[in-house]
Amino acid sequence: MDQTNAVTDADLVAYLDGLCPPEMARRIESDPSLGPRLQALTLPDELQAEFDALLAQAPAMPSMQAANSDTAPLRNVAALAAAFVVGVAISAAIFGARGPNWVDAVASYQALYVAETLAGPAQDAGRTAEVLAQARAATGVDMSAAKVIEGLAFKRAQVLSIDGAFLLQLAYLDDAGRPFALCVTPVATDVADLATKMRFDLAATHWVDGGVGFVLIGGEDIVRVEDMARQVRAAL
Amino acid sequence: MAALYPRLWRFALVLTRDRAAADDLAQKTCERALSRTDQFAEGTHLDRWVFTLARRIWLNELRAGAVRRGAGVVPVEEIEIADEKPDAETNIFASEVLTRVQALPEAQRMAMVLVYVEGYTYGEVAEMMDVPVGTIMSRLAAARKRVAKDVTHGSD
């Protein structure tokens, strides 16, 4: 037998995995002397089942602090959060976020927030002004008036990005410590009236004016959020 | 397909062979993943990236531990701390199959679990472990032999 052509363990593994070329498979099957080696390489049938049983023992995913980077791509964070909870398939609804689904991307990101995420004093005023100036350059909208929303304490303004487009996030806490956010990003639509619904267990109202999309989200009271949204829209 | 967090935890359990360490590693990996979304390129596979991240975090911890114990700096691939056979008290699995897998050296254990439990291809695992496909094949062969049906105690 030609030594350089001897059947290797790697060949046998590929064969056992159904991945070896047909000629090699024929060779292996027609050589009874390979029997003991194949036997020695054969895994127990219950391997997969034993490992799958471990999944049920996994603890619940601990709650995470949201990413705090000024430039975190929002869709990635949202996608990650969703993927950890619902499975690996990252839905087109999140990645295809330039259409109406950008609101869901924002909502799934906001779902990560807790009171502690925004604990402490409000952001330095100079930094807020910087961020709002960037937002104005990117969207044409001056968002300063939106720092004041009845019932909410403004905490910080952040630059994020969705699908490569600029996203402004203004973060607030209400009197009960519930996190709220107002997000602003250029969108493809020109105008859309207020639309309110629950997303990821949060009340969210979104609208579009002059090609710029807005979403106000937080808490579970859809009447309240829609009222706030109406106020904000009027003030801008 | 199962949700990612239980799979990540299971993977952490295979890596660390200790439930408390697994809980810890899974959480650390999530936090690291959430803070590094800029490293996750659209179109690449989230799950593979997360598993690779978990393994890297764990190997760094092992290496730091080895350095503290005076073993000096060794290439990550040569860390054979995992070679020490766990004694009966630290066996965390009731089943014999799981115990045998747990007893494998780290590189073989990883290859085995990534291919035969998580279902990745040889090529995908080669990429995740940053070694040639041939290396994955030899690790699979070695792992199979140790975990195989009629392995007898004291062999190898």
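**Entry 1. Arg10(B)**

I began with Arg10(B), which is buried at a relative accessible area of 3%; buried stands for under 20% relative accessible area, exposed for over 50% and partly exposed for the range in between, with a 1.4 Å probe and protein chains only. The model is a predicted one, in which local features need pLDDT of at least 70 and side-chain atom pairs count only at pLDDT 80 or more, while totals for chains, interfaces and linings use all residues. Residues are numbered from 1 along each chain as its sequence is written, chains are lettered from A and ligands numbered from 1 in the order in which they are written, and side-chain values use heavy atoms, with hydrogens and water left out.

I located Arg10(B) in helix H1 of chain B; helices (H or I, at least four residues) and strands (E, at least two) are DSSP runs numbered from the N terminus. Which residues does Arg10(B) touch, not counting residues up to four places away in sequence? I listed Phe51(A), Asp52(A), Leu54(A), Leu55(A), Val117(B) and Glu118(B), a contact being heavy atoms within 4.5 Å. A polar atom of the Arg10(B) side chain lies 2.9 Å from the backbone oxygen of Phe51(A). For a polar contact I used a pair of N or O atoms within 3.5 Å; within protein, one must be able to donate a hydrogen and the other to accept it, and residues adjacent in sequence count only if both atoms are side-chain atoms.

**Entry 2. Salt bridges**

I then turned to salt bridges, each a side-chain nitrogen of Lys or Arg within 4 Å of a carboxyl oxygen of Asp or Glu. The structure holds 21 of these salt bridges over all chains. One network of salt bridges links Arg10(B) with Asp52(A), Arg7(B), Asp47(B) and Glu118(B).

I noted both Glu118(B) and Arg7(B) as buried.

Asp9(A) and Lys145(B) form another salt bridge, with the closest N and O atoms 2.6 Å apart. Asp9(A) lies in helix H1 (residues 9–16) of chain A and Lys145(B) in helix H7 (residues 133–147) of chain B, so this pair joins two chains. Asp9(A) is partly exposed at a relative accessible area of 22%, and Lys145(B) is partly exposed at 35%.

I also recorded the salt bridge of Asp24(B) with Lys28(B), where the closest N and O atoms are 3.6 Å apart. Both residues lie in helix H2 (residues 19–35) of chain B, four residues apart, or about one turn of the helix. Asp24(B) is partly exposed at 42% relative accessible area, as is Lys28(B) at 28%.

**Entry 3. Aromatic pairs**

For aromatic pairs I took rings of Phe, Tyr and Trp (its six-membered ring) with centres within 6.5 Å; planes under 30 degrees apart count as stacked, over 60 as edge-to-face and the rest as tilted. How many aromatic pairs are there over all chains? The count comes to five.

Phe11(B) is buried at a relative accessible area of 2%, and Phe51(B) is buried at 0%.

Phe51(B) also pairs edge-to-face with Tyr120(B), at 6.2 Å centre to centre and 75 degrees between the planes. Tyr120(B) sits in the loop between helix H5 (106–116) and helix H6 (122–129) of chain B, 69 residues from Phe51(B). Tyr120(B) is buried, as is Phe51(B). I therefore logged Phe11(B), Phe51(B) and Tyr120(B) as one aromatic cluster under the pairing rule.

**Entry 4. Helix H9(A)**

Last, I checked helix H9 (residues 222–235) of chain A: its 14 residues should span 20 Å at 1.5 Å a residue, and its end C-alpha atoms are 20 Å apart, which agrees. The expected span is 1.5 Å times one less than the number of residues. The buried residues of H9(A) are Val225(A), Met228(A), Ala229(A) and Val232(A). Seen down the axis, they fall within an arc of 105 degrees, so they line one face of the helix; the arc is that of the directions from the helix axis to the C-beta atoms. The face turned away from this buried side carries the exposed residues Val223(A) and Ala234(A).

The buried residues of H9(A) pack against strands of chain A, among them E1 (152–162) and E3 (179–186). At the start of H9(A), a side-chain oxygen of Asp221(A) reaches to within 3.2 Å of the backbone nitrogen of Val223(A).
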